[in-house]
Amino acid sequence: MSIKMRDQIQATILDDETIDFAHYWQVFKRYAGRIILLAILFTILVGLIVMRMTPQYTASASLLIESQQANVMSIEEVYRTDTTRKEYMQTQYEILQSRQVAERAVEELDLANNPEFLPIEKERSVLLDQLKAWVKKNIPFIPQREKPKLSDDARALKRKNAAINKLMNSVSLSLVENTQVIEIRAISSSPTLAAQIANTMGDVYVENYLQAKVDMTAKATSFLNESMEGLRDKLTAAEKKLADFYEKNQLVNLSNGVVGLAATELEELSNQLIIAQDTLKKNRTIYNQTQRNGTDYNALARLPEVLNHANIQNVRKQEAEALRRVSELNNVYGPKHPKMAAANAELKSVRDTLQSQIHDLISSITTQYQASQDRVASLQEEVANAKAEYRRLSTLENRRRSLQRDVDINQQLYESMFQRLKETSELSGFKSVNARILDPAIPPNNPTKPNKKLLISAAFIISFGFGILLAFMLEALNSGVRSVDDVEKKLGQRMLGLIPLISRRRKQDIPLRSYFDNKFHQFSEAVRTLRTSLSLMNIEKQNQAILITSSVPKEGKTTVSVNLSFALGQLDKTILIDADLRRPAIGKRFGVPNYQPGLSNLIMKTHSFKECLVHDEQSGVDLICAGTIPSNPQELLAGDGFRALINYLKKHYKYVVVDTAPTQAVSDAMVVSKACDSVIYVVRADSTSEKMITNGLGRFLQVGHRVDGVVLNQVDLRKSDVSERYGGFYDQYGYNNSQ
């Protein structure tokens with residue numbers, strides 16, 4: 001992709017993203033008349049409707065909701081609401097707009113029978129009833145269902161329900177921010193009735209609250225009286241079961257329950273058993289040591305239990321003292337000396353005593369061991385018995401606790417119910433309200449709706465805005481081509497000229513000589529501009545054949561061909577050829593008779609050139625009409641005869657203008673274009689769709705022939721800004737038609 005092409009693409013993207021306010025202004029100007037007409041008509045319609053509306057008056061009353069209710073006694077009331085919650089005010093808000101409150105208000109004011117609030121239905125005319133009966137009788141597919149006749153009570157109930165529904169719709173509530181005040185607003189066609197409705201809604205709400213409290217208190221008292229009898233019987237039965245349980249099991253309920261003594265006894269026996277088992281373990285160790293040593297008194301004497309015994313230690317001291325004497329006397333006396341003999345006798349006696357003490361100690365150890373065994377066995381049996389007794393008593397204790405719990409619960413319920421019954425009885429005669437009217441409603445002086453000025457102004461503004469929106473929607477849905485930008489952006493073609501619309505009757509062509517008429521100077525100048533653009537594009541060519549076509553019929557290609565021939569004829573010798581061999585129109589425009597030979601006769605060589613040539617004296621342009629309509633026009637135009645004719649004409653004429661059939665109808669234009677130098681595509685403004693035009697242009701590209709440009713025909717200049725949109729194509733001001 002070249003740099004130049006990339007720059008062109010970027011410029012196109014930027015152009016598409018730019019908001020074209022001038023384009024929007026042109027769209028508004030184009031539809032301005034219809035937009036204003038729509039706004040005026042809609043505003044008049046709304047004004048007529050508003051003027052027939054019945055004025056409505058709004059009266060407001062303020063209701064103060066006490067979120068903290070006064071308690072007469074230091075108890076919670078039987079019928080209470082948690083007023084500390086945030087939802088309390090919203091709950092009261094919903095109660096105020098409930099159907100129950102509305103129904104009581106209707107009954108208080110007798111709104112069902114108030115014609116100002118609920119108009120009485122007018123009796124239907126006899127003629128209307130007869131007409132309906134005739135329709136039902138003569139049109140069988142209409143359901144033959146008759147409305148059942150209502151009794152007086154049923155009609156009264158129906159009117160009451162209608163009044164309730166209307167009251168609920170005509171009353172609105174609003175909670176004043178950061179307050180406990182609810183504003184009640186009632187709307188009615190009567191200012192007095194509006195004030196009465198607002199005040200009555202507040203009074204009914206207060207009365208409804210009081211009545212609800214009285215009803216709930218009465219229900220609570222009745223419920224408590226019935227519940228007291230049942231609770232009393234339950235309490236008596238529970239107490240009797242507990243007493244029978246104590247009597248049957250011979251239990252004593254101390255502070256720790258029936259298992260208190262058993263637990264203490266079991267604990268003491270367990271401690272004694274542990275001590276006895278420790279003693280037995282020690283005695284077993286000593287006993288086993290004595291049994292291992294047998295009768296060896298020396299070994300027995302060395303046992304720690306023997307050595308550490310107090311009696312043994314005393315005898316040991318005596319033995320040591322006797323040994324010391326013997327040792328001392330042995331150094332002085334001989335073995336047979338009486339003192340020596342006495343000392344040895346004393347030592348022997350002490351040793352005999354030591355053996356005797358050891359023997360007695362060993363005997364006592366054996367006895368003590370056996371006694372420890374008996375003690376442990378006895379305590380183990382007592383602990384087992386104590387545990388069994390404790391388990392039995394624990395089961396009884398669980399049963400006792402269950403019975404005691406039933407007694408306690410029934411006692412608490414009975415006392416609480418008795419206290420609540422006493423308080424409810426004392427409160428039954430006191431009525432506390434939770435709300436009061438802060439500011440009663442007064443009849444308003446001025447109606448609140450309809451706001452006629454506002455509604456009419458809003459109707460005009462909305463309809464005007466809707467008209468603008470509708471205009472832009474129609475503009476967006478319009479796929480036609482109406483401006484230079486559309487030709488260049490939508491079609492991608494060069495704009496050669498713009499032909500303004502000439503007012504005429506429907507299905508009537510413009511005058512043939514409009515180009516020469518000073519009344520149509522804009523049209524003439526537009527054709528001259530087209531002539532100039534075409535001449536500048538083909539300035540290097542001496543003679544040229546110009547093909548003019550369009551997408552569909554009625555786009556004005558023949559008009560452009562004729563008037564372009566007039567303009568070119570003022571410059572040099574020009575000939576106009578009608579190559580539309582299917583629906584020729586040029587001969588008819590110039591008043592040439594149908595039997596005049598023309599193009600088809602020349603190609604088929606049935607007539608000479610002079611016989612087929614027609615000269616227009618006023619414009620100086622020569623003509624060749626279609627001639628005899630052939631059965632195969634496309635094959636005739638595709639032959640060498642047509643090409644040879646064009647080449648011959650180019651030698652004798654400066655300009656050869658060829659009018660062909662539309663591209664979307666047949667392919668004749670593509671065949672003729674091969675023999676022509678230039679192709680001009682005529683597009684009717686705001687008529688032919690972009691897709692159809694693009695298809696027609698694409699068909700020329702398929703045959704390898706370029707289109708020199710587009711002529712935008714029948715442009716309504718009253719809906720266009722010429723100086724901005726079409727500047728450069730012609731001069732509208734100070735024009736003088738000169739030839």
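The lining of the largest cavity in this predicted model comprises 4 nonpolar, 2 polar and 1 charged residues. Ile-510, Pro-511, Leu-512, Thr-559, Val-562, Asn-563 and Arg-589 form that lining. Helix 16 supplies the largest share of the lining, with 3 residues. The volume of this cavity is about 30 Å³, and a search of the whole structure finds 1 cavity of 30 Å³ or more. Rolling a probe the size of a water molecule over the atoms shows where empty space is left.

Helix 16 also takes part in a helix-helix contact. Helix 16 (residues 557-569) packs against helix 15 (residues 521-537) at an angle of about 75 degrees, and the two axes are 9 Å apart. Angles of 65 to 115 degrees count as roughly perpendicular, and helix 15 and helix 16 are therefore roughly perpendicular to each other. On the helix 15 side the contact is made by Phe-523, Val-527, Leu-530, Arg-531 and Leu-534, and on the helix 16 side by Thr-559, Val-560, Asn-563, Leu-564, Ala-567 and Leu-568. By class, the residues of this contact divide into 8 nonpolar, 2 polar and 1 charged. Thr-559 and Asn-563 of helix 16 meet helix 15, and Thr-559 and Asn-563 are also among the residues that line the cavity.

Most residues other than glycine have a negative phi. Lys-554 is not a glycine, yet its phi is positive, and Gln-714 likewise has a positive phi in a residue other than glycine.

| Residue | Phi | Place | Relative accessible area |

Buried means under 20% relative accessible area and exposed means over 50%.

Leu-501 is located in the loop between strand 5 (495-500) and helix 15. With a relative accessibility of 37%, Leu-501 counts as partly exposed. Leu-501 and Leu-717 are separated by 216 residues in sequence, while their C-alpha atoms are 7.2 Å apart in space.

Note on methods: Residues are numbered from 1 along each chain as its sequence is written. This is a predicted model: local features need pLDDT of at least 70, side-chain atom pairs count only at pLDDT 80 or more; totals for chains, interfaces and linings use all residues. Side-chain values use heavy atoms; hydrogens and water are left out. Axes are lines fitted to C-alpha atoms, for helices over the stretch in contact, and angles run from 0 to 180 degrees between N-to-C directions. Helices (H or I, at least four residues) and strands (E, at least two) are DSSP runs, numbered from the N terminus. Angles under 35 degrees count as roughly parallel, over 145 as roughly antiparallel, 65 to 115 as roughly perpendicular and the rest as oblique. Contact means heavy atoms within 4.5 Å. Ala, Val, Leu, Ile, Met, Phe, Trp, Tyr, Cys and Pro count as nonpolar, Asp, Glu, Lys and Arg as charged, and the others, Gly among them, as polar. On a 1 Å grid over the protein atoms alone, a cavity is a set of points where a 1.4 Å probe fits but cannot get out, and a pocket is an open set with protein on both sides within 12 Å along at least five of seven lines; lining residues have an atom within 4 Å of a point. Grid points are joined across faces, edges and corners, and a volume is the space filled by probe spheres set on the points. Buried means under 20% relative accessible area, exposed over 50%, partly exposed in between (1.4 Å probe, protein chains only).
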